[in-house]
Amino acid sequence: MKIRTVLAFLEDELSFPIDQHSVIEQLGATEIEAPDTQETETISTIIGHVGQERYTTADELFTTIIGNVSDEYIGRKYYDDRGTNPSPAAVGPTDEADVSF
């Protein structure tokens with residue numbers, strides 16, 4: 001299953017609130033595909049070590065899943081779109097002569 005469909009899947013398959021043991025028992029073998037690789041992880045593998053006893057909503061469980069997937073699920077690791085060298089246009093005028101009022 002694609003990671004973007006997990007929340008809807010959880011909402012359809014489970015009744016909330018639900019304890020972690022029940023989630024693993026009912027959906028633990030469900031595989032979630034990493035976006036850019038052939039890797040998959042099961043829900044059981046992802047949340048099994050978390051230790052949270054109860055999930056009150058599908059969104060809470062989804063957030064736990066997203067927060068505990070492995071590095072294969074991360075986009076461009078260490079990417080920073082706010083690099084250290086902004087373009088001159090982004091900085092603005094640097095000379096008083098360039099400033100117009």
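These questions and answers go through a predicted model of one protein chain.

Residues are numbered from 1 along each chain as its sequence is written. In this predicted model, local features need pLDDT of at least 70 and side-chain atom pairs count only at pLDDT 80 or more, while totals for chains, interfaces and linings use all residues; side-chain values use heavy atoms, with hydrogens and water left out.

Q: What makes up the pattern of the chain, and how many helices and strands are there?
A: Helices are DSSP runs of H or I with at least four residues, and strands are runs of E with at least two, numbered from the N terminus. The chain has five helices and four strands. Along the sequence they follow α-β-α-β-β-α-β-α-α.

Q: What share of the chain is called buried?
A: Buried means under 20% relative accessible area, exposed over 50%, and partly exposed in between, with a 1.4 Å probe and protein chains only. Of the 101 residues in the chain, 26% are buried.

Q: What is the accessible surface of the chain?
A: The Shrake-Rupley method with a 1.4 Å probe gives the areas; for residues, only the protein chains shown count as cover. The total is about 7,300 Å². Carbon and sulfur atoms hold 47% of that surface.

Q: Why is Ser15 called exposed?
A: Its relative accessibility is 61%, so Ser15 counts as exposed. Ser15 lies in the loop between α1 and β1. Its C-alpha is 8.5 Å from that of Ala58, although the two are 43 residues apart in sequence.

Q: Why is Phe16 called partly exposed?
A: Phe16 has 24% relative accessibility, so the label is partly exposed. Phe16 too is found in the loop between α1 and β1 (18-19).

Q: Which residues does Phe16 contact, leaving aside neighbours within four places in sequence?
A: Contact means heavy atoms within 4.5 Å. Phe16 is in contact with Leu10, Tyr55, Thr56, Thr57, Ala58 and Leu61. Arg54 is 38 residues from Phe16 in sequence, with 9.2 Å between their C-alpha atoms.

Q: What kind of peptide bond joins Phe16 and Pro17?
A: The bond is cis, with omega about 0 degrees. Most peptide bonds are trans. Pro17 sits in the loop between α1 and β1.

Q: What makes Glu33 and Lys2 a salt bridge?
A: The rule asks for a side-chain nitrogen of Lys or Arg within 4 Å of a carboxyl oxygen of Asp or Glu. In this pair the closest N and O atoms are 3.2 Å apart, and Glu33 forms a salt bridge with Lys2. Glu33 lies in strand β2 (residues 31-33) and Lys2 in the segment before α1, so the pair ties together parts 31 residues apart in sequence. By this rule the count is one salt bridge.

Q: Are Glu33 and Lys2 buried, partly exposed or exposed?
A: Glu33 has a relative accessible area of 30%, so Glu33 is partly exposed. Lys2, at 41%, also counts as partly exposed.

Q: Which residues form the negative surface patch?
A: Asp and Glu count as negative, Lys and Arg as positive; His and the chain ends are not counted. Patch residues have over 30% relative accessible area and no salt bridge, with like charges joined within 9 Å. The place of a charge is CG of Asp or CD of Glu. Glu11, Asp12, Glu13 and Asp59 form the patch. Helix α1 (residues 6-13) gives the most, with three residues.

Q: Why is Glu11 called partly exposed?
A: Glu11 has a relative accessible area of 49%, so Glu11 is partly exposed. Glu11 lies in helix α1.

Terms used:
Patches are made of residues with over 30% relative accessible area and no salt bridge: like charges are joined within 9 Å, nonpolar side chains (Val, Leu, Ile, Met, Phe, Trp, Tyr) within 5 Å.
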